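Here is a note for a colleague who has not looked at this structure before. Please read it with the model open.

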Amino acid sequence: MADADELERPAPQAQRPPRDWAAALETEGAGKPAATAQGDGFMGSALYEAGRTVHNKRIDGPFRRFKWAIMVITLTIYYATPWIRWDRGPYAPDQAVLVDLANRRFYMFDIEIWPHEFYFVAGLLIMAGIGLFLVTSAVGRAWCGYACPQTVWTDLFQHVDRFFDGDRNARARLDKAPWTAGKTARRLAKWAVYLAIAFWTGGAWIMYFADAPTLTREFWSGTADPIAYATVAVLTGTTFWLGGFMREQVCIYMCPWPRIQTAMLDEKSLIVTYKDWRGEQRGSLKKAAKNPDKYGDCIDCQLCVAVCPTGIDIREGQQIGCITCGLCIDACDRVMKETGRPRGLIDYATLDQCDAERAGAPARPAWKALLRPRTLIYFGVWAGIGAGLLFALGTRTHTDLTVAPDRNPPFMLLKDGSVRNAYTLRLRNMEARPRAMEVALQGLPAGAVMWTDSIGLENAAPTQTVTVRANETRVLRAYVLLPSGATASAFAFRLTAQDEQRESDTAETTFAMPGAE
Amino acid sequence: MTKRIDEPTGTEFVGHEWDGIEELNTPLPRWWLYTFYATILFAIVYVVLYPAWPLIDRATAGTLGWSSRGDLAAEMRAADAARADVVAKIAATPIEALPSDPQLMQAAVAGGAAAFKVNCVQCHGAGAAGSPGYPNLNDDDWIWGGTLTEIEYTLNHGIRWDGAAETRSNFMPAFEGSFDRAQVNALAGHVLSLSGKAKPNATGAQMFADNCAACHGAGGEGLPAVGGPALNDAIWLYGGSAAEIGKQILAPRHGVMPAWQGRLDPVTIKMLAAYVHSRGGGQAPAPAAPQPEAAKVAAK
């Protein structure tokens with residue numbers, strides 16, 4: 001394919017000098033609005049731009065279809081997940097994904113995370129961070145272009161625009177049209193749909209934090225917690241405003257992500273780029289027909305600008321406004337096909353590949369850019385952490401014991417010379433059923449006994465059995481007594497569940513003695 | 001001023017120049033400016049509604065009358081109201097009946113722990129472990145008795161507290177001048193022998209029987225009814241060396257504890273007693289109800 005191109009047309013470098021910016025500016029400057037020319041005062045209007053609405057044109061193509069798929073998948077996950085039921089028995093909620101803040105539990109299908117296991121969440125966050133490195137170094141701002149909620153909801157709202165007001169030109173016309181009854185009605189209908197989507201979005205959010213059917217009933221009967229209404233109101237407002245009106249302004253002016261991602265890109269990352277050595281000098285088909293040697297492949301049809309959801313011109317090169325959604329690739333490929341020129345004038349490519357192609361190298365499949373040490377190392381670290389988390393998840397027990405010895409006083413000398421230490425024990429029963437658990441002293445001399453406030457000194461013994469309710473932590477204040485004359489320093493409590501699995505956990509601690517500090 | 005354009009970027013110059021470096025005009029969106037104005041408007045409204053400008057000794061009050069102290073007072077009232085029924089229940093329950101209601105006992109212990117931090121830690125220490133001269137409340141050694149009722153009585157009336165008629169009180173005579181050095185050593189040796197820390201000696205034993213057994217018991221087992229400390233155990237309020245014991249025989253020290261009746265409300269005192277009792281050394285009530293009495297032991 002590349003060879004055929006080169007036969008037809010002269011080598012890119014020789015015949016197409018870089019764009020003559022001065023000349024270009026002269027011609028472009030003539031068409032610029034008068035506002036810039038008046039901006040002579042410091043506080044003059046030129047320091048601030050009036051808002052402009054991006055009316056992006058509908059386009060079809062592989063990237064558009066990919067965006068459709070992502071939108072359907074992500075929105076379905078977001079709206080439907082809280083409604084999935086998951087049977088966990090009588091002692092735990094039956095919602096598959098639930099962030100139970102009040103009881104400090106996080107349920108995700110078969111996984112239940114307790115607060116002391118927050119390292120799983122920390123691990124997921126680290127994976128998300130490294131995943132960002134990985135994705136950005138490999139495929140640039142793919143997050144921005146496809147998966148970011150701002151992008152997905154903006155895309156959704158732009159489709160609503162298209163449904164009510166028509167495509168690009170019709171929308172632009174309607175924007176400028178006077179406020180007739182018809183326009184007002186259309187606007188109100190459109191905003192009502194915005195509001196409905198926004199409300200649904202805010203409403204779905206709170207379902208992750210409580211039993212969805214119950215909360216829905218409470219919400220509509222006016223008995224839900226005020227926080228639920230406030231959260232829905234805030235999220236409805238922000239979705240309506242950010243998705244319906246701010247749109248690309250969020251990406252360009254508010255979001256730190258584009259800045260961070262730009263810093264993580266390198267010359268080997270895939271970005272959406274316009275191959276100017278192939279496209280310049282731009283000229284219409286008519287002009288190119290008359291003077292084939294002077295003009296490049298770009299016919300300056302502006303379709304790439306028209307379809308852009310952030311309203312930029314990709315032909316100006318890399319810029320913060322480019323979320324790399326690929327719609328301009330769809331647009332340009334279509335035009336290239338219609339004009340009988342090879343596709344990929346605008347395409348995913350690395351900067352290195354651009355330089356190589358400019359120097360005459362053939363095009364290279366984009367996926368080859370993915371395999372390089374940087375992405376492989378990121379992937380290795382990311383996968384390693386993931387494997388570690390999975391291993392930890394698979395081997396964790398549902399029985400846990402932590403011990404905190406009293407520090408003030410560290411020990412207590414009793415009348416008969418025996419020494420008592422006090423400990424706060426936390427017995428965690430992470431099973432959805434009540435269990436009897438045995439607490440035993442390990443490594444203390446004979447005669448050492450323990451008891452708790454409820455068991456009482458008269459029942460003191462080297463082991464005690466207590467019941468811990470389902471899915472709960474039982475806090476015990478335990479006393480350990482060492483008879484007069486015996487000495488000890490380090491020892492351990494061992495917790496053993498009294499069921500068939502006999503899961504156990506050991507917590508090491510110290511025994512303080514008079515004069516031993 | 002004529003408009004000039006920076007050629008590489010196509011951006012207009014603002015017209016500012018410093019040493020040849022010029023500023024380009026990259027316009028902000030206008031909504032950004034309006035947001036800025038909105039924040040100024042917000043600030044003005046805030047200054048009118050809420051405390052804002054610092055004056056010499058206070059701040060401007062704001063028309064809403066809001067204050068963080070007011071918030072605190074409201075939260076405290078709400079907390080008091082939420083606790084009211086538990087407090088009423090504790091008030092209505094005799095202290096010896098508290099342990100039979102574990103939940104109520106737990107609430108009382110928690111309330112007592114809070115009151116302890118405010119009123120008691122100054123002498124008894126944050127962990128209630130005391131220090132020489134200030135009794136440890138965690139152990140099983142009770143000078144005046146360690147049942148809930150006895151602890152509550154001590155809290156109410158104090159120890160050797162001048163203002164309280166029913167205060168617990170006793171005085172150990174000073175034997176300065178009565179015993180010579182050898183006698184003091186012999187007596188201290190006998191006291192130590194009661195807990196097996198010294199060899200018994202006949203002189204000391206005889207002196208103990210004559211002078212000490214009335215309050216401390218024949219075997220040094222103590223007499224909580226009159227506040228005679230046990231001398232046959234491992235716990236020493238003023239130190240357990242022969243020298244420290246001798247010093248206490250010659251010139252005894254007498255600790256004082258304030259009477260809390262009237263300073264703290266009865267429920268707080270009840271909760272404090274429950275907390276002290278729960279520290280690990282609390283005693284179950286004796287079969288016969290104890291009769292705490294103020295006992296004064298006259299000097300010989």
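Predicted model: local features only at pLDDT ≥ 70, side-chain atom pairs only at ≥ 80, totals over all residues.

1. Chain A has a mean pLDDT of 87, with 91% of its residues at 70 or more. Residues 1–45 of chain A need care, as the pLDDT there is below 50.

2. Chain B contains 10 helices and four strands. Read from the N terminus, its elements run β-β-β-β-α-α-α-α-α-α-α-α-α-α. With a radius of gyration of 35 Å against the 19 Å that the globule rule gives for 300 residues, chain B is well over that value and so more spread out than a compact globule. Along the principal axes, its C-alpha atoms fill a box of roughly 120 × 55 × 40 Å.

3. How much of chain B is buried? Buried residues account for 29% of its 300 residues. As for contacts within chain B between residues at least 6 apart in sequence, 59% of them join residues at least 24 apart.

4. Chain B has an open sheet of three strands, in the order E1-E2-E3 with antiparallel pairing. Strand E1 (5–6) and strand E3 (21–24) of chain B are the edges, each pairing on one side only. Two bridges connect E1(B) to strand E2 (residues 11–18) of chain B in the antiparallel sense. Within E2(B), Glu12(B) is the residue opposite Ile5(B).

5. The contact between the chains draws on 28 residues of chain B and 28 residues of chain A. On the side of chain B, strand E4 (28–29) and helix H1 (30–49) are the elements that give two or more residues. H1(B) gives the most, with four residues. By type, the residues on this side of chain B are 14 nonpolar, six polar and eight charged.

6. Strand pairing also crosses between the chains. Strand E1 (residues 48–49) of chain A runs parallel to E4(B), and two bridges join them. Here Tyr48(A) stands opposite Leu28(B).

7. In chain A, strand E9 (residues 419–429) deserves a look. Nine of its 11 residues are buried, so E9(A) is largely enclosed by the rest of the structure.

8. The hairpin of E8(A) and E9(A) has five residues between the strands, and in it Gly417(A) takes a positive phi near 90°.

9. Another part of chain A is an open sheet of four strands in the order E12-E10-E14-E15, with antiparallel pairing. Its edge strands are E12 (463–468) and E15 (504–510) of chain A, each of which pairs on one side only. On average, neighbouring strands of this sheet are turned by 25° against each other, direction ignored. Six bridges link strand E10 (residues 435–442) and strand E14 (residues 490–497) of chain A in the antiparallel sense. Phe493(A) in E14(A) is the bridge partner of Leu441(A).

Terms used. Residues numbered from 1 in each chain as written. Chains lettered and ligands numbered in written order. Contact = placed C-beta atoms within 7 Å. Nonpolar A, V, L, I, M, F, W, Y, C, P; charged D, E, K, R; others polar. Pairing = 2+ DSSP bridges. pLDDT = per-residue confidence, 0-100. Rg over C-alpha atoms; globule rule 2.2 N^0.38 Å. Buried ≥ 20, exposed ≤ 12 C-beta atoms within 10 Å, placed from the backbone. Axes fitted to C-alpha atoms, helices over the stretch in contact; angles between N-to-C directions.
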